[in-house]
Amino acid sequence: MNDMTPVAKSSPKDWETDQEVRWCPGCGDYAILKAVQRTMPDLGVKPENTVFVSGIGCSSRFPYYMETYGFHTIHGRACAVATGVKLANPDLDVWIITGDGDALSIGGNHTMHLLRRNLDCQLLLFNNEIYGLTKGQYSPTSRVGTRSPSTPFGSVDRPASPCAFALGSGARFIARGIDVHKSLPSVLKAAHAHKGASFVEIFQNCIVYNDDVFEPFTAKPNAAGNQLWVEHGKPMLFAGGAKGIALDRDRLALKVVDVVDGDTSEVLVHDQANRMIAHLLVEMPFGAFPMALGVIYDDPAPTFESAVVAQNRQIAEGKTPNLQKLLSQGQTWMVEKEPHVI
Amino acid sequence: MATAAHLLTPEEASANPPPEAIVVRFAGDSGDGMQLTGGQFTLSTALAGNDLATFPDFPAEIRAPQGTLFGVSAFQINFGSASIETAGDQPDVLVAMNPAALQTNVGDLKPGGLIIADEGEFNDRNLAKARYDSNPLDGDGLAKWQLLRLNISQLTLDAVKPFGLGNKEALRCKNMWTLGLALWMFDRDREPIVDWLKAKFAKAPELAEANIAALNAGHAYGETAELGGQVGQLHVPAAPAEPGLYRTVTGAEAISLGLVAGTQLADLPMFFGGYPITPASAILHHLSRLKEYGVTTFQAEDEIAAIASALGASYAGQLGVTSSSGPGIALKGEAIGLAIMTELPLVIVNSQRGGPSTGLPTKTEQSDLYQAVYGRNGDAPMPVVAARSAADCFECAIEAVRIATQYMTPVMLLTDGYIANAAEPWKVPDVDSFTPFPVKFLADVPDGGFLPYARDEKLARPWVKPGTPGLLHRIGGIEKKAGTGNIDYSPANHQEMTELRRDKIAGVAVPDQQVELGEASGKLVVVGWGSTFGPIHQAVRRARRKGLDVAHVHIRHIWPMPRNLGDLLKGYEKILVPEMNTGQLKTVLRDQYLVDAQPLNKVSGQPFRIAEIEAAIESALG
């Protein structure tokens, strides 16, 4: 945002539209919508400068419920549309709302290129590991063995890991959140503060087709022992500080260690600008390890739209557009005499 | 393929009266630089004041295996002292740089025409590749033509010897040697080519000098050698033309310039989203150099992203433009539907090529008319404009921008591979002669409140830029309620919105259809669209000279069609529709007007010949 004029403080209510929200009762999308609407007043942005762009799927109805500009596009193409929006007007604050099918199946190509180009935007991927809107088929993030209408005997293909994909594509900001978790707004704020493409995977419970799929780390009794909330400059501790993540130097891998008598000397300190650590964290196999959450990677780089604008300016500098002159370029010749009739 | 057994018939001889125009075809291996030779010959011809038309015909492979039949690349130019509208039916002169070029092209040469062959390339290996049992230059198989055999390869090597190039690099100069000879034959100036070579090889002066030496050597050879037969210098006088400033222009250039002009008339910056595809890439290349005109170009990851980003830019307040060819347009189909549904302006340029699927990437066809008019899911009407020639692309691009911005709709601009690549002289238009149509974005809440899907007298909805306070709204591909734009699936609303979208496009103001040549009623009308203009026009002109009652109607506005077109067509007893497809416009005309339109179809990847259409006219009136 280039506009630095102070913005009158708004309330979450100011970011709600008059449209009736039409997700299934109990859907995790409600919680995410609330979290976003709760976050917006703290960002110092104006609704009219904010654009929500979505693809197709349950999550992609999101823009209709935000009192901002919004574009509900076509399946998989939100990233491509958003690229045009941002290039045409870099002053706009662009949010992309997408799902696991939208961003990683039909739109996987656009997601990859948006991240490698580093378009300044927030990309929120609602991962529920299922196709909800089309009634429950397995998705590219569904685990092996997922039974669905299209895989009645269980899926056999290995799932994609959204954050590993994003990192591999060149993303400079990777974070994870949980739909109903109180920390989601702080993750969203960090994503917004990052200049460049901010990739946020939000674990979102589909109450109808894939209920409780994230229970192993989201259910209350499992949370402490299975959620690793990383924070820059702080040791990677979980299970109420009783366990930590350390580096197994012999195998160049991570390992879980017990913290005895508060001694965290062996525990890795999170460095959000360290790409290697980010790789290790997003690849941690769940079960043997907790789920890494929060801002996993944040290392800004020049953004795509700023590079495009800079080059446009640089090349155009000192040149006066003159259409008549442009049309008359190349090797030309004058015909002076009057035409004669054949 | 004409063969040695073919003898010149009296009919053929009389079919070729002394020319007011000359057709020259340069043919060689795709690595021989024939397109370059042709392009420079075109330039020198235009500078000599001749009217001209060109036809580049090259293989899809960048470097097809050397010496093969399918690796032949040809460039044909028709130039003369009269108005030229086609690249010419049959060449008067064929330059064949190897046996394969001779094999694939000699059949087209006019009886009595001249063959210039590089005999240095007629070795056993190349003859075998071209499927010649014996050297055709030695037998009497080429007897009905004049033959000039020169060892161009050796002559070129001799000419560039002082520059110390390797054998391979030296031989690359032989196209310039050939060009030098051609320039001498037609009394053309070498200076522009010399300037061009110096600029092209600015970083390698020795290559520039070698090429210039080859050019001069070819020219000097013509001047001093005792060439046999009728080969001699021929001056083709300049064509009569309207006074003014002229330049040569290809369709791709004219579209790029027209898009820039259109966005300036609309007072908008342009966003061009493109993905490389033959033959449409040239537009992306041209526009990427015009940043000072408010043009942002974006090479997207695929065709879908190209159009989706353009649509996003339109949503944000620039004019989104995308361009492709048939298969790429198919990929864009869903996003075109989104543009129709969200009623945002967008220009989609389709440089048609032979299809279906990958089809014939470098060959021309006009078989995407159905795709342009009908090729989307749902009732999805969209204006379609078709350019008739390279120069016409300029005005058509402006027209596409005008309709898109005034009616808040995507517009498809149809050209084809022939128009995109072909060069022709263009009288540079006066930019002040075009009426501006500045876009007015809605910036304030209107009296009575803001409705994103309110309608003006043209049924267009308001264009609101994100960033505008007080006009926040959401759009999308789901059916929306008339007026508010909120999601609404109800039966009556979908009926209403479908009819609104239909009526808006049906109501687009397009100029009345004019008759290009002939009367506004009569026995026969030949109806065309797109790049068939030249051959149809010439064929109708020739037929009328013979006293036949025939007229030429050429449609620019494919959708919606001009209001008077139905009545106009019904004034003729017969309707003939030549198309480079299997009858697409013919079917639309029958559907729209219940007229007995008869097809004349050609899908060989080559443009129509005048004679083909002339014969169809005679047969229709016979």
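Chains A and B meet in a contact that takes 53 residues from chain A and 59 from chain B. Keep in mind that this is a predicted model.

**Chain B's side of the contact**
- Several elements of chain B each put in at least two residues on the side that touches chain A, including the helices α2 (34–47), α10 (251–265), α12 (303–315) and α13 (326–342).
- Strands are on that list as well: β7 (244–250), β8 (270–274), β9 (295–299) and β15 (474–476) of chain B.
- The largest share of this side, nine residues, comes from α12(B).
- Sorted by class, the side of chain B that touches chain A has 36 nonpolar residues, 15 polar ones and eight charged ones.

- Strand β2 (residues 69–72) of chain A runs parallel to β15(B), and three bridges join the two.
- Within this pairing, G70(A) sits opposite R474(B) of β15(B).

**Two helices crossing in chain A**
- Helix α1 (residues 28–39) and helix α6 (residues 184–193), both of chain A, have axes that come within 9 Å and cross at roughly 55°.
- That's why α1(A) and α6(A) count as oblique to each other.
- The crossing of α1(A) past α6(A) is right-handed.
- On the α1(A) side, the contact is made by A35(A), V36(A), R38(A) and T39(A), while α6(A) brings L184(A), P185(A), L188(A) and K189(A).
- By class, the contact of α1(A) with α6(A) has five nonpolar residues, two charged and one polar.

Definitions and conventions: Residues numbered from 1 in each chain as written. Chains lettered and ligands numbered in written order. Predicted model: local features only at pLDDT ≥ 70, side-chain atom pairs only at ≥ 80, totals over all residues. Axes fitted to C-alpha atoms, helices over the stretch in contact; angles between N-to-C directions. Helix = DSSP H or I, 4+ residues; strand = E, 2+ residues; numbered from the N terminus. Parallel < 35°, antiparallel > 145°, perpendicular 65-115°, else oblique. Left-handed = near helix turned anticlockwise from the far one by under 90°. Contact = placed C-beta atoms within 7 Å. Nonpolar A, V, L, I, M, F, W, Y, C, P; charged D, E, K, R; others polar. Pairing = 2+ DSSP bridges.
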